[in-house]
Amino acid sequence: MFNAKMMRLGEERSAIRELFEYGNRRKREIGEENVFDFSIGNPSVPAPACVGEEIGRLLAEVPPETLHGYTSAAGLYEARRAVADYLREKFGAPMSPDLIYMTCGAAASLAVVLGAALQRGDEVIVIAPFFPEYRVFIEAAGGVCVPVPAGERFHLDLGAIGRAVTERTRAIIVNSPNNPTGAVYGREEIAALSRLLEEKSRGKDPILLIADEPYRELVYGREVPFIPNFYGDTVVCYSFSKSLSLAGERIGYIAVSPRCSGAEDLFSAVCGAGRGFGFVCAPALFQRVVMRCLGQSSDVEEYRKNRDLLFGALTEYGYACSEPEGAFYLFVKSPEPDAKAFSERAKKYELLLVPSDSFGTEGYVRVSYCVPKKTIERSLPAFGRLMEEYRR
Ligand code: PLP
C-alpha cells in the first residue's frame, strides 16, 4: 500500500542512532556522568562568537517579515555571492554565485546532487569505510553504491578505484577530512585521483567527483586541497554543521564548479532535484548568519586536545588505530574480529562505540571524540579495563 523501499528505510535501524538512543536511556538510569557516549558526531565545541553576534544583529536590525520570509529556491543571492567570493578569494577557484545552491546541510546537498546527476542503474563509487547515509542517498536516487576499500592508513587506493570503474560509473564521493577515519587526502593524492578520473572518463561522459566537505576546517595542521582546482568535474557539498557547530540548524551549500562539463545544465538539474525533493529555500535566518561567518570555525584546538588525549591513551593500552588528521573521529581496530560483539562488550563498561559494519568495513569501532574533555578523562580507565579483558 505504501512505498516499500521507503518503509524499509524507515524501519531499518541506524547503528549510530540506535546506540545514541541506548545511551540516552542509560544516562537516565545511571546518570549522565557515568555513561561514556562516543556514538554520535554532534559538535561539543560552541559555535564561534560571530554566530551569536550575527543572530543578535539580524534580530535587532532586520524586520521579522523579511528575516523569516521565503528566499529564492536556490537561496538568497547575496548569500550565494558571499560563498562564491569567499571560495574565489580563499582558493583562487573561479566559483560563481549562479552555480551555488544553499541547502539544509551536507545531507541535503548530497541527496540533491545525486538526484541531479544519476540515472537509474548508474554506479557511484564510495571509499570504505564511508558515511552510512551515502548508500541511502545513492539508492534513493536510483543509483548503485559501489564501495571500494581504502588503502594504507585509510587513504585512497587508486589501483582499487581504477579497477572499480565500469561503463556505468557516474560519480565518486570523496570525503576529506574523513568520517569515520580522520584521514585527510593530500595534494598529490588528489592530483593522482584527478589524473585517474580524467583517464577513465576519456571518450565518455566525465565521472563526477562529489566532494563531501562538512569537516573542511576541522584539521590538525593539514592542508585540505580544494578539489575543484584539481579536477574540473567537481561538485562541492559543504555544510556548516560541524565547522560552525550548527548541526541542528541545517545549513550548507552545493557549489558546482564552472569547469564541470555542462555546468549550467547540471545546476539546472540541481535546482530541479532540490524542487523535486522539497529542499528549496534553505533556513533563511541561517543563510544570513553563515554568509557573515565564512572562513570562521569553532575552536579546533579543543578537538585536537581530545584527539591527543584519546589517541595517546588508547595506543598505550594496546588498541590499534591511526592518528586522525582531521574531523573528530577515531577509528579503532576491534580486538576481536566481530566489531558488534566488541561494541556489546564495551557497553558493560558504559563505553558506547559504534561498530564499523554499517560504514562498509568490518572489524573496527568509531569513537566520536566531539565530547567534553572530562568525558574522555573519566572514560580512560574503562578503556583500559576493557582491553585487559582481551589480554586475559
Ligand atoms: N557527510 C558526512 C561525512 C558526515 O559525517 C555528515 C554528518 O555527520 C554528513 C555528510 C551530513 O551532514 P549535515 O549535518 O550537514 O547534513
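Residues are numbered from 1 along each chain as its sequence is written. The model is predicted, so local features need pLDDT of at least 70 and side-chain atom pairs count only at pLDDT 80 or more, while totals for chains, interfaces and linings use all residues, and side-chain values use heavy atoms, with hydrogens and water left out.

Q: How are the rings of Phe-130 and Tyr-134 arranged as a pair?
A: Rings of Phe, Tyr and Trp (its six-membered ring) pair if their centres lie within 6.5 Å, and planes under 30 degrees apart count as stacked, over 60 as edge-to-face and the rest as tilted. The whole structure holds 17 aromatic pairs. In this one, the centres of Phe-130 and Tyr-134 are 6.4 Å apart and the planes are at 10°, so the pair is stacked.

Q: Is Phe-130 buried or exposed?
A: Buried means under 20% relative accessible area, exposed over 50%, and partly exposed in between (1.4 Å probe, protein chains only). Because the relative accessibility of Phe-130 is 3%, this residue counts as buried.

Q: Which residue has its charged end over the ring of Tyr-22?
A: A charge sits over a ring if NZ of Lys or CZ of Arg is within 6 Å of the ring centre and within 35 degrees of the ring normal. Arg-345 lies over the face of Tyr-390, at 4.8 Å from the ring centre. Over the ring of Tyr-22, at 4.3 Å from its centre, sits the charged end of Lys-347.

Q: How much of the ligand's accessible area does the protein cover?
A: An oxygen atom of the ligand lies 2.7 Å from a backbone N or O atom of Ala-106, and a ligand oxygen atom is 2.6 Å from a side-chain N or O atom of Tyr-215. Of the 390 Å² that the ligand has on its own (Shrake-Rupley method, 1.4 Å probe), the protein covers 91%.

How values were computed
A polar contact is a pair of N or O atoms within 3.5 Å; within protein, one must be able to donate a hydrogen and the other to accept it, and residues adjacent in sequence count only if both atoms are side-chain atoms.
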